[in-house]
Amino acid sequence: MAVSPNSCLSRYLLIFMLLQLPKLDSAYFDVIGPQEPILAVVGTDTQLPCHLSPNMSAEHMELRWFRQTLSPAVFLYQNQQEQVREQMPEYQGRVTLVKDNITTGHAAVRIHGVRASDDGEYRCFFRENESYEEAIVHLKVAGECTEEFSHSLTTMLNLSSYGSLTMETTRFISESFAEGWQNPRCSGELPQERLYHPAPFFPRLTPWIVSVAVVLIVLGLLTIGSIFFIWRLYKERERTSKFSSTEKLLEELKWKKATLHAVDVTLDPDTAHPHLFLYEDSKSVRLEDSRQKLPDKPERFDSWPCVLGRETFTSGSHYWEVEVGDRTDWAIGVCRENVIKKGSDPMTPENGFWAVELYGNRYWALTALRTPLPLAGSPRRVGIFLDYESGDISFYNMTDGSQIYTFPSTSFSGPLRPFFCLWSCGEKPLTICPVANRPEGVIVVANSQDLSKDIPLSPVGEDSASGDTDTLHSKLIPSQSNQGLP
C-alpha cells in the first residue's frame, strides 16, 4: 500500500514534537501506577490502571500508554477520543480505555486476549498543556493453560493474601508458575508430581513480625545486662561499705591508742614572734597588731607569727589536742627544733614542718604543693599524734573522731617540737587542751577590732604603733587576764 509523502512528513513532525516533551515544564501533578506487577493469563483480559495525585479530572488531558517509545503507542486518548493513527499494529482492536472515573483522575487501558508477547513494562503518560508526568506498570503473563487451571489460578490469587492455600486450590498450579511465571506457555497435561503444592505449615513471616522479634530480643538482652550491672554495682558498694567501715574502725582504734600517749604541752616564750603575747604561766598567748620589744634571740621567729612548744620529742609516741573553735587562719603541727626561724622559708616537710592549716576558709596540709583537705565538717578541736619511731604524724577531727590527714611515713632525726601559728587577728581563742580534763589550757588569742585584718609585721626592734602598748605588753601578761577574753 502506497504512503503519501505528506503523511510521512506529518508523522515525522509529530515524533519530533514528542521528543521535545522533556523540555516542557515540570508537572503540577503526579501519575501513580500500581506498585506490584499486574498478573494475567494468556487468553484472558487485563487492565493497566493509573491515576493522578492529587485527584483531578483527566477528561481533557492527553492519556498515552506506551512501551519503549512515546510513538507508536499501545493506546492514545487525545481531544476526548481514541486516536488510532499512532497505535502499534499488534494492539489495534485489542485495547480499550476504561474511563468510568476519569473525572477523578483514574483511568486504565484494558488489553483483550492477553498474549505472551504482552509481558513486560508499560508506561502511562498524562499531559495537560505544558505539564506532564508518567508512571511505570509491569505486566506479568502466565502460560496458556486449561480453563480449570485459570479458575484455580484466580482462586489462588484471591486467597493468597490470607497466607495459605487449600489442596483443592493448588492442585492445578504448575511448578513453573510458582517459580515466578518463568514458563511463557504450558500446554498439554501437567505432570502428576507437580499438581500438588501444599501451603507451608508455618505462616510466612512478615517484616513487622521480624522487627518485633528483634526488638524483643534486644530488650531482653538489655534487661539481662542491666540486672547484671546493678548486681555488680551492689556487690561493689557492699564491698566498699565494708572496707570503709573497717577503715573507719581502724582509724578510731588508732585514735584511741593515740590518746593513751597524751602529753602536757606548754609554750616556749623564747621562740614567740614579737606580735605574740604570752601569759605569765607560759600556757597562753595572744596575737596583736602591735609589736613588743623583745631580745633578738636566734630561736625566735621574726617573720612568721609562730611559737613552739617547750617540750622536745626524740622517741616514743605523743598526743595533744588543740581547741580551734570557729577561729579562722591558723596552722598547727610539729616541726624540727632546728628549723630556720629567721626569714620566710616555706613551711613544708622538706624544711622541717609537718602541719595542717585553715586559710581562706579552706583546710590544707602544708605539703610541698599544699594538699587541699575536703572535710565533711569544720573541726572545733584537732588532735595531733606523733609516733617518732614509725615516722607517723596524724591529725584528727575530735568533733566526730575522723581522720583529717596523715603525712607520709618519715624517718626523723633530731628533736621535734609542737608548733603553732596565727595568720590574722581575731577575737576567737585557739586553745591547747589540758591533760586529764584539767580546767586550764593553753590559749592562743587574737585581739583586734578587724577580724579579717592581716598582721602588719614590723622589723625586730622597732617601736610599736602605740607607745602605751609597748609598756603594757613588754612583760608577760598575768594568766588572770583570761577572765576578760571572749
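Two strands are taken as paired if DSSP finds at least two bridges between them, and helices (H or I, at least four residues) and strands (E, at least two) are DSSP runs numbered from the N terminus. The model described here is predicted, so that local features need pLDDT of at least 70 and side-chain atom pairs count only at pLDDT 80 or more, while totals for chains, interfaces and linings use all residues. Residues are numbered from 1 along each chain as its sequence is written, and side-chain values use heavy atoms, with hydrogens and water left out.

**Overall make-up**

- The secondary structure of the protein consists of six helices and 24 strands.
- Of the 486 residues in the protein, 40% are buried, where buried means under 20% relative accessible area, exposed means over 50%, and partly exposed lies in between (1.4 Å probe, protein chains only).
- The protein exposes about 27700 Å², of which carbon and sulfur atoms supply 56%; accessible areas come from the Shrake-Rupley method with a 1.4 Å probe, and for residues only the protein chains shown count as cover.
- Among contacts (heavy atoms within 4.5 Å) between residues at least 6 apart in sequence, 64% join residues at least 24 apart.

**The disulfide and other cysteines**

- The structure holds one disulfide, the term being used for a pair of cysteine sulfur atoms within 2.5 Å.
- This disulfide joins Cys50 to Cys124 with an S to S distance of 1.9 Å, and the link is left-handed, with -85 degrees about the S-S bond.
- The pair links distant parts of the chain, since Cys50 lies in strand 3 (residues 46-53) and Cys124 in strand 9 (residues 120-128), 74 residues apart.
- Cys50 counts as buried because its relative accessibility is 3%, and Cys124 is likewise buried, with a relative accessible area of 0%.
- Cys306 has 0% relative accessibility and therefore counts as buried; Cys335 is in no disulfide, and the nearest cysteine sulfur, that of Cys306, is 8.4 Å away.
- Cys335 also counts as buried, because its relative accessibility is 0%.

- Strands of a sheet pair through backbone hydrogen bonds, either parallel or antiparallel.
- Six strands form an open sheet of mixed pairing, in the order 2-10-9-4-5-6.
- The edges of this sheet are strand 2 (38-41) and strand 6 (81-82), each of which pairs on one side only.
- Strand 5 (residues 75-78) and strand 6 run antiparallel and are joined by two bridges, and the bridge partner of Tyr77 in strand 6 is Glu82.

**Strand 15 and its partners**

- Strand 15 (residues 330-336) is mostly covered, with six of its seven residues buried.
- Six bridges join strand 15 to strand 16 (residues 353-359), and the two run antiparallel; here Ile332 stands opposite Val356 in strand 16.
- Strand 15 also pairs with strand 22 (residues 416-422) in the antiparallel sense, over seven bridges, and the bridge partner of Arg336 in strand 22 is Leu416.

**The annotated segment**

- An unreviewed UniProt entry carries the annotation "transmembrane region" for residues 208-234; UniProt positions are given in the numbering used here, feature names are shortened, and annotations may be inferred rather than shown by experiment.
- Over residues 208-234 the model is 100% helix and 0% strand, and the end C-alpha atoms are 38 Å apart.
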